[in-house]
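Me: I would like to learn how to read salt bridges in a protein model. Please show me the structure first.

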Amino acid sequence: MWKQLKNQPEGQIISQQLQSAGWDEAAINGYLKNVVRRSKNFATSKQNVAHYYKETFAIGSPSYLALYRASRLSAREKITLVLHQLEAEIDAYHFMHLLSETYYLDENLPPHASFYAYFRRDVWWAFSTKDGLNNDELGDKVHLFRTYIDRQNISYIRTNFQGATDYEKLLAYSKGCHITFDYTTNARYHNRTLEPFDYPRNMKIQLPKRKTCLWGPNDARMSEFIVRISTGAFVSQWDVFRQTNGRYDSHPDHYSVQELGAVANTESFNYGLSYGANFDVLPWNHSHEYLDVLYPINPDIRRKALRYWKSPVALKEEGTYLDIVKKQHDPYLWQKIPKEQRQTTYQAYCRYCQKKKIQSGFGKYHSKKGL
């Protein structure tokens, strides 16, 4: 039926428009098949071809995903097309802006969206060497693009779910969408401080906890949220950045050092597979290191933030940092500790973990000590 649709005037017009947008023949055929599948009969297919065409401007939407998945463009060509459609441009302060007035990230994209998983897989394929994203300008843009995925994730949770705090909304999303969370990856680089480190202020949550399907690309722990343990609020650079004339103000001197704390400790979408306490990452898989750790140059505003806000040294490296959140209930138990007692409680928790040679989170320590 989709071949019939392609030969109809409606299908021919849309096919030409999609071709002009940069899509290949296979992608266009995939889009038409998607229209037929989502329509009830041939008549409605002809009506819906234009309706669904509007979705092709919303990157990640069902129509866009149909194009992206069916396309036989190379991984690098598809990534390039996405960033070209968004009119991604890096400014003098190495901050990337998405300037398109036509294309945009679909506001209905959840943090576990299939599009992210497919885009992530293409990043793996396009940048498969140990050089990671450091090869060229495209890799630079791919690195900076992850922050816009973070922005969409935060907006999606805050807009679509109810809760007294960002964390409560995140838990509502987990329950409503049946998405499991991973609390086990280290949050040390999201606990940077201006003053000498005393105890963790922030926790890290990645999702989905493990790959959610056998047939699709690996989506394990791709989206990430940083949460203030004491308040349940997201810690994000997007709550700091201001807009001027339709662009974000990227001048580092326009932000106070205190404001830069959120920039230093912000979330970061993962193109690679992080480890944590999971057993679904092979020992030789260095994708997280190559794609997320050894990344290209950061925007000037983040580089300035990291000059002031320093990460603590891990306890196992003769430092003082140890995660206190490893499970969903850990932050609630920590919140019960009076503020003036938190430093001494944390130090006792560290001694306990060192003695027992475990790191199971504050909840288990809390129950063992009867706090």
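Reply: Start with one residue. Aspartate 166 counts as buried, at 11% relative accessibility. Buried means under 20% relative accessible area, exposed over 50%, and partly exposed in between, with a 1.4 Å probe and protein chains only. This is a predicted model, in which local features need pLDDT of at least 70 and side-chain atom pairs count only at pLDDT 80 or more, while totals for chains, interfaces and linings use all residues. Residues are numbered from 1 along each chain as its sequence is written, and side-chain values use heavy atoms, with hydrogens and water left out.

Me: What is a salt bridge, and how many does the structure hold?

Reply: Side chains of opposite charge can pair when their charged atoms come close. The term here means a side-chain nitrogen of Lys or Arg within 4 Å of a carboxyl oxygen of Asp or Glu. The structure holds 13 salt bridges.

Me: Which side chain does aspartate 166 meet in a salt bridge?

Reply: That of arginine 158, at 3.1 Å from N to O. Arginine 158 is partly exposed, with a relative accessible area of 28%.

Me: Where do aspartate 300 and arginine 303 lie?

Reply: Both are in helix α12 (residues 300–308), three residues apart, about one turn of the helix. Helices are DSSP runs (H or I, at least four residues), as are strands (E, at least two), numbered from the N terminus. The side chains of aspartate 300 and arginine 303 form a salt bridge of 3.4 Å, N to O. Aspartate 300 is partly exposed at 22% relative accessibility, and arginine 303 is partly exposed at 40%.
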